[in-house]
Structures are given as structure tokens and as C-alpha cells.
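Have the viewer open beside you and follow along.

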Amino acid sequence: RDGIEVGNDVAIETNPLGRLVGGDYLMPVVMTYERHAITKELGNVMTMFPVVRSVQVAKELPPGITAQGLAMTSTESWAETDLKALHEGQTAFDPDSDRRGPISIAAVATIGADKSGTSASTSESSEQPEPEKSATPHAARLVVFGDSEFANNNLFPVQGNGNLFLNTVSWLAEEEDLIAIRQRKG
């Protein structure tokens, strides 16, 4: 187990802000991000997630794993569990089975190594063989989104979706210096 749970649900968003930029009740527009290297540059940048599941940190994390949420829907959302009714175009909040928002739709976990998620630096001589250098343990990094379409060709250039995806890849590759808000072309 990695400490992250993906729900058997779909986030329903009723906040009208999303409709102003092309979202709807099945495509939440997200503006709330937890503090993390991936999201530190996003600020008030919007991201859009079509038909997104909940992704949350497990209540009890396995030893050696740290995890946190990354992106949340609004307080006017909920996690809909009646997927059959949703498929038929009918949805309503059910307090017995659905969860009120904000709903976490992305999470990150770091497994092993030191607390910063990077390996300890060594100041040994350059005569050290290359295989020994790479023997320093690195933390495994994992990012889970409840939707993969936010980064497809149609949505990559929309709002902050491309920046969120590229920042995620940079963090996974341990290239934090590449995390930024990139200028839009055209």
C-alpha cells in the first residue's frame, strides 16, 4: 500500500465559477491547492478535471510513507457514489452515501529515504566509483490524480492544466528547479 486511496465515485461540482470558464458539474474547476513543491507556483491559477474521482490520503499510513493531498474541489461539491444514476443523468447529494466537499482529487506520497524526499548529499572524493554514488537511497515519489484527461491534448493548454502536469513531472524527476508557471504561447 502507498497511503493513497482512489474512490469509487465522481466529484460533482455545483460552484458556478466553473461555468464561466467552460466547466460544468462533471468538470470541476479547481483553485485550492495544498502547499507542496508541485503546487507552490499555482496560486490562483485554475485547473480543470473532467469526470474526476476522489483521491485521498489513507487515515493510517504505512511505515516510511508520507502523503498529502494536492488539489481540492470547492465546498459546494460532493463525491457521488451512485454511478448508475449519474450515468442516467440523475444526481443529487445523498448524505448516507456521498461525501461533502471539498473533495481531494490529487495526492502525493513519498516512500523511504530522508524526510525531504531527496537523497543525502555526499562530499566524498571524486575517486569514488560511479556505482557507489548511485547506491545512496532515493525516496520513491508517487503522484495520483483522479483523472488523466486533465493533461490530454485538449485540456493541456487550458488554464493551469499544462503547468500542473509539467510541475508534477519535474517533481517526480527530482528536478524541482524546473517547477514554474510557463508563459502561454500565442
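Which residue forms a salt bridge with glutamate 88? I looked up lysine 84, and there the closest N and O atoms are 3.3 Å apart. My cut-off for a salt bridge is a side-chain nitrogen of Lys or Arg within 4 Å of a carboxyl oxygen of Asp or Glu. I sorted residues by relative accessible area (buried under 20%, exposed over 50%, partly exposed in between, with a 1.4 Å probe and protein chains only). Lysine 84 is exposed at 59%, and glutamate 88 is partly exposed at 46%.

**Ground rules**

I am reading a predicted model, in which local features need pLDDT of at least 70 and side-chain atom pairs count only at pLDDT 80 or more, while totals for chains, interfaces and linings use all residues. Residues are numbered from 1 along each chain as its sequence is written, and side-chain values use heavy atoms, with hydrogens and water left out.

**Overview**

I noted 4 helices and 11 strands in the chain. These are DSSP runs numbered from the N terminus, helices being H or I of at least four residues and strands E of at least two. Of the 186 residues, 39% count as buried. I also looked at contacts, meaning heavy atoms within 4.5 Å. Among those in the chain with a separation of 6 or more, 71% are between residues 24 or more positions apart.

**The other salt bridge**

The rule gives a count of 2 salt bridges. I went to aspartate 9 and found arginine 99 as its partner, with the closest N and O atoms 3.8 Å apart. Aspartate 9 sits in the loop between β1 (4–6) and β2, and arginine 99 in strand β9, so the pair ties together parts that are 90 residues apart in sequence. Aspartate 9 is buried at 6% relative accessibility, whereas arginine 99 is partly exposed at 32%.

**A sheet of three strands**

I next traced the open sheet with the order β2-β8-β9, which has antiparallel pairing. Why is one side of β2 and of β9 left without a neighbour in the sheet? Both β2 (10–13) and β9 (99–100) stand at the edges with a single partner strand each, so one side of each has no neighbour there. For pairing I asked that DSSP find at least two bridges between two strands. Between β2 and β8 (residues 77–80) I have 4 bridges, antiparallel. Alanine 11 has alanine 79 as its bridge partner in β8, and valine 10 stands opposite glutamate 80. Both faces of β2 are covered: Val10 and Ile12 are buried on one side, and Ala11 and Glu13 on the other.

**More pairings**

I followed β7 to two antiparallel partners. Strand β4 (residues 32–33) joins β7 through 2 bridges, with threonine 32 opposite methionine 72. β7 and β10 pair over 7 bridges, and isoleucine 65 has isoleucine 111 as its partner in β10.

**The cores**

I searched for nonpolar cores, each a set of buried Ala, Val, Leu, Ile, Met, Phe, Trp, Tyr and Cys residues joined through side-chain atoms within 4.5 Å. The largest has 19 residues, and those with the most contacts inside it are Phe49, Ile105, Val143, Phe145 and Leu164. At least two residues each come from β7 (65–72), β10 (104–111), β11 (140–145) and α4 (161–172). β10 gives the most, with 3 residues. Another core of 6 residues lies apart from it, and includes Val55, Ala107, Ala109 and Val144.

Which residues does phenylalanine 145 touch, leaving aside neighbours within four places in sequence? I listed Phe49, Val55, Ile105, Ala106, Phe150, Leu164 and Thr168.

**A buried arginine**

Arginine 141 lies in strand β11 and is buried, with a relative accessible area of 13%. A polar atom of its side chain lies 2.5 Å from the backbone oxygen of tryptophan 171.

**Confidence**

The chain mean is 83, and 80% of residues reach 70 or more. Among the elements, β8 has the highest mean (97) and helix α3 (residues 130–133) the lowest (42). Over residues 115–135 the pLDDT is below 50, and this stretch has 14 contacts in the model beyond near neighbours in sequence. Where pLDDT is low, the predicted coordinates should not be read in detail.

Methods:
pLDDT = per-residue confidence, 0-100. Polar contact = N/O pair within 3.5 Å; in protein donor to acceptor, adjacent residues only side chain to side chain.
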